[in-house]
Amino acid sequence: MSAALVELTDVSVSFNNIDILKNIHLTIQPGEQWAIVGKSGSGKTTLAHALAGRVFHQGTVAWHLPHHSHANRILLIEQQHHFKNRSNTSDFYYQQRYNASDSEDTVTVQEVLQPLINAAPGKNWVEQLHLTHVLQEPLIQLSNGENKRLQLAKALFLDPAVLIMDNPFTGLDVEGRQTLHRLIDSIVASGITIVLITPPQELPGCMTHVAVLEDGRLVKTGKKQEWPIQSAGAAPALPTGTINKLKAAAESNHFTNAVKMVNVTIQYGGKVILNNIHWEVKKGECWSISGPNGAGKSTLLSLVTADNPQAYANELYLFDKRRGSGESIWDIKRRIGFVSPELHLYFDRGTSCFDVIASGLFDTIGLFKIISTAQQEQVKAWIELLQLQQVQHRPLFQLSLGQQRMVLLARALVKNPPLLILDEPCQGLDEEQIAYFKQLIDQLCETFNTTLLYVSHYSKDLPSCISHAAVLNNGDLKVNKL
């Protein structure tokens with residue numbers, strides 16, 4: 001047998017005296033393509049960082065790469081994208097992507113990729129990853145899925161020998177996931193080795209082996225065909241006592257339409273993002289919002305969350321009041337709970353999970369006030385409902401992405417808002433967490449008559465309370481009752 005491509009021997013990783021990886025032993029042979037699977041918080045991303053030499057670890061990670069024409073050795077594509085503005089800083093604010101003049105402070109896709117294209121003539125990753133139509137877009141205005149494809153293109157232009165991909169399917173629409181499956185197969189055929197962090201439901205055909213992580217330990221390895229995909233366990237029971245306690249303290253909200261749009265059109269320069277939108281969302285209705293990456297879903301939601309200044313140039317009503325009739329942004333936001341992949345990027349890395357959740361009481365990205373005893377109890381109730389007791393005092397960015405997402409979901413829910421806007425809420429969650437979260441949303445909408453706008457590329461992630469559907473495509477909105 002030829003020498004191993006990489007050998008991990010007794011690899012352990014700890015952060016702040018918390019063991020993340022525990023005595024990992026793994027050998028990958030040339031020609032093998034490995035998928036790393038496991039529940040949220042099991043250590044998958046940390047293992048990816050250890051393989052890429054991005055994190056301090058005990059034990060050894062020994063690569064034995066053959067000499068060949070690949071320009072770079074080992075590249076990691078992370079789950080979340082990070083970029084800088086033209087001043088080479090990361091001083092962005094969340095609403096910046098919706099302000100045309102301010103968004104121009106970020107470089108365009110063309111500016112990022114052109115030096116790579118020039119250095120690798122003949123490569124057609126832009127076309128293969130469907131990025132041609134966004135070449136002139138500022139990075140800050142890309143959708144979550146578009147940014148995923150951009151990060152992959154950047155890595156492929158660098159011609160790696162080994163490509164470690166951390167949940168690359170997250171945020172992609174159905175077509176995007178199918179395209180990526182085919183592309184991963186072609187990447188492997190070109191001689192690049194793939195190590196893939198992924199849910200077990202997204203295993204490309206070229207994967208040859210699977211490794212299962214559980215609580216930081218490697219509990220099973222084997223060939224893909226020998227590893228059956230197991231269904232998720234039953235979701236834990238909801239703590240109904242906590243929900244009843246929240247119901248007793250709930251405020252009454254009086255409005256007929258949470259959202260009403262009349263002939264709403266949004267455009268940047270000559271590009272129309274939303275075209276003549278007519279839409280009504282009545283109190284208590286639960287809507288799914290779907291459409292391909294870049295269809296305008298985030299822009300549509302930005303009008304509802306009061307983050308888009310073009311709302312004032314359109315006929316838009318929120319909670320029965322027309323925008324521009326005297327209400328402030330904060331008057332609107334106090335009645336909305338919101339989470340999205342983009343919002344996730346703007347929190348300070350050192351903020352504790354408790355403070356992140358508490359910031360939802362004030363609609364701020366960070367906690368800047370001392371909260372009352374009653375508010376502390378309110379935060380604790382949602383920590384219990386989202387099963388975050390063990391991590392509430394840890395910094396947000398020391399958690400796994402799935403745990404971080406649960407914290408941000410708790411932030412969106414903490415004030416029990418009459419309108420709940422959940423943009424890809426299940427990204428990064430494992431199957432058991434998704435089942436529990438869907439059950440929780442169903443119960444909240446029934447108990448509090450909550451109005452719900454729920455964005456997902458996965459129909460299986462939709463809660464059963466969904467009663468209406470809105471589909472965006474090329475700026476047009478089609479609606480129907482289910």
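**View 1. Contacts of leucine 301 in a predicted model.** Leucine 301 touches Ile289, Ile421, Asp423, Leu453 and Val455, leaving aside residues up to four places away in sequence; contact means heavy atoms within 4.5 Å. This is a predicted model, in which local features need pLDDT of at least 70 and side-chain atom pairs count only at pLDDT 80 or more, while totals for chains, interfaces and linings use all residues. Residues are numbered from 1 along each chain as its sequence is written, and side-chain values use heavy atoms, with hydrogens and water left out. Leucine 301 sits in helix α8 (residues 297-304); helices (H or I, at least four residues) and strands (E, at least two) are DSSP runs, numbered from the N terminus. With a relative accessible area of 2%, leucine 301 is buried (buried is under 20% relative accessible area, exposed over 50%, partly exposed in between, with a 1.4 Å probe and protein chains only). Its C-alpha atom is separated by 8.8 Å from that of leucine 453, 152 residues apart along the chain.

View 2. Helix α5 (residues 144-157) has 14 residues and reaches 20 Å from its first C-alpha to its last, close to the 20 Å expected at 1.5 Å a residue. The expected span is 1.5 Å times one less than the number of residues. Because 13 of its 14 residues are buried, α5 is largely enclosed by the rest of the structure. Just after α5, aspartate 159 takes a positive phi of about 55°.

**View 3. The salt bridge of arginine 177 and glutamate 202.** Arginine 177 forms a salt bridge with glutamate 202, and the closest N and O atoms are 3.3 Å apart. A salt bridge is a side-chain nitrogen of Lys or Arg within 4 Å of a carboxyl oxygen of Asp or Glu. Arginine 177 lies in helix α6 (residues 174-189) and glutamate 202 in the loop between β7 (193-197) and β8 (209-214), so the pair ties together parts 25 residues apart in sequence. Arginine 177 is buried at 10% relative accessibility, and glutamate 202 is buried at 10%.

View 4. Glutamate 377 forms a salt bridge with lysine 380, with the closest N and O atoms 3.6 Å apart. The two residues are three apart in helix α12 (residues 373-385), so about one helical turn separates them. Glutamate 377 is partly exposed at 45% relative accessible area, and lysine 380 is partly exposed at 40%.
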